[in-house]
Amino acid sequence: MYQEIPDSLIQSIPDPVPTTDCKKSHFRPSFTLFASARKLSLSQLHEDSLSDCRIHKEKPVEKRSGTAQARTMKTRLGCLSQKSDSYSDFSTFLPNKHEKPIRCMKLSTEEVVQWTESFSVLLANKYGLAAFRAFLRSEYSEENIEFWLTCEDYKKTKSPAKLASKAKKIYSEYIDVQAPKEVNLDFQTRELTRKNLLEPTHSCFNDAQKRIHSLMERDSYPRFLRSKIYLDVLNQTQSNSQMQRRFS
């Protein structure tokens, strides 16, 4: 049975409000249904409304639980942590990128243990110096070892002209107040070094270099021996030794 719907009634119907609620769509038939035909069956309207509900039910919204997201993020962070804490490759320690990768396989356990004998033994070893420098970098105090190494290089300068230019550059980079890589020096040592630059010699940075060496030996060196960097290198060399004995 069909009912004639007057034009005035069609025009008076407001625009439908978008909704995904099946109950509301049952009482708000789509305006396009009236526009497409003047004569509609009441039962047909009821069936169209129900079909809209079924469409919404057939497309559920996929939700990812917060627990699953947290577990995924934790796994990713764990992988990154393990990768960044691996010190089996010394190539990341070395300031010179052109050097060949130095791996723990070339180190013996005895050699690494010797680093604990004294700070001088550590600095005299190429691998020990690289590992210590990486440790200072992790503590944002790499300028200390850089200054010490720069002073060592400065002492090897032979040309008097280069001696003066190098001295000025070292002072402006490491010693001057608010220098880009300012090292921790007391006022007396800083002033003495500044006066030494009036007549640069190979020994004009000796006092400042000794101060920084003493600071690293007293403060940074003990922490390095307890650090994850040193322990990782030691454990890696021990594992390598066991592996070599097993296959020898």
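These are my notebook entries on a predicted model of one protein chain.

**Entry 1: the chain as a whole**

I began with the secondary structure and found 13 helices and 2 strands in the protein chain. I then looked up burial, and of the 248 residues 30% count as buried. For the surface I noted that the chain exposes about 17,200 Å², with carbon and sulfur atoms supplying 54% of that area. Turning to contacts between residues at least 6 apart in sequence, I found that 59% of them join residues at least 24 apart.

**Entry 2: the nonpolar core**

Which residues touch the most other members of the largest nonpolar core? I looked through its 37 residues and wrote down Trp115, Phe132, Phe147 and Phe224. The elements that give two or more residues to this core are helix 7 (119–124), helix 8, helix 9, helix 10, helix 12 and helix 13 (228–247). Helix 8 provides the largest share, 7 residues. As background I recalled that nonpolar side chains in soluble globular proteins tend to be buried together.

**Entry 3: Phe132 and its surroundings**

I next listed the contacts of Phe132, leaving aside its neighbours within four places in sequence. The residues it touches are Phe119, Leu122, Leu123, Ile145, Met216, Ser220, Tyr221 and Phe224. Phe224 also stands beside Phe132 in the list of core residues that touch the most other members.

**Entry 4: helix 8 against helix 12**

I followed this to the packing of helix 8 (residues 126–138) with helix 12 (residues 206–226), where the angle is about 95 degrees and the axes are 10 Å apart. The two helices are therefore roughly perpendicular, since angles of 65 to 115 degrees fall in that class. From helix 8 the contact takes in Ala131, Phe132, Phe135 and Leu136, which meet Met216, Ser220, Tyr221, Arg223 and Phe224 in helix 12.

**Entry 5: two positive phi values**

I finished with the backbone, keeping in mind that most residues other than glycine have a negative phi. Tyr140 has a phi near 60 degrees, a positive value in a residue other than glycine, and I located Tyr140 in the loop between helix 8 and helix 9 (142–154). Is Tyr140 buried or exposed? I found Tyr140 exposed, with a relative accessible area of 74%.

Gln178 likewise has a positive phi, near 60 degrees, and is found in the loop between helix 10 (160–175) and helix 11 (187–196).

How values were computed. Residues are numbered from 1 along each chain as its sequence is written. This is a predicted model: local features need pLDDT of at least 70, side-chain atom pairs count only at pLDDT 80 or more; totals for chains, interfaces and linings use all residues. Side-chain values use heavy atoms; hydrogens and water are left out. Axes are lines fitted to C-alpha atoms, for helices over the stretch in contact, and angles run from 0 to 180 degrees between N-to-C directions. Helices (H or I, at least four residues) and strands (E, at least two) are DSSP runs, numbered from the N terminus. Angles under 35 degrees count as roughly parallel, over 145 as roughly antiparallel, 65 to 115 as roughly perpendicular and the rest as oblique. Contact means heavy atoms within 4.5 Å. Buried means under 20% relative accessible area, exposed over 50%, partly exposed in between (1.4 Å probe, protein chains only). Accessible areas come from the Shrake-Rupley method with a 1.4 Å probe; for residues, only the protein chains shown count as cover. A nonpolar core is a set of buried Ala, Val, Leu, Ile, Met, Phe, Trp, Tyr and Cys residues joined through side-chain atoms within 4.5 Å.
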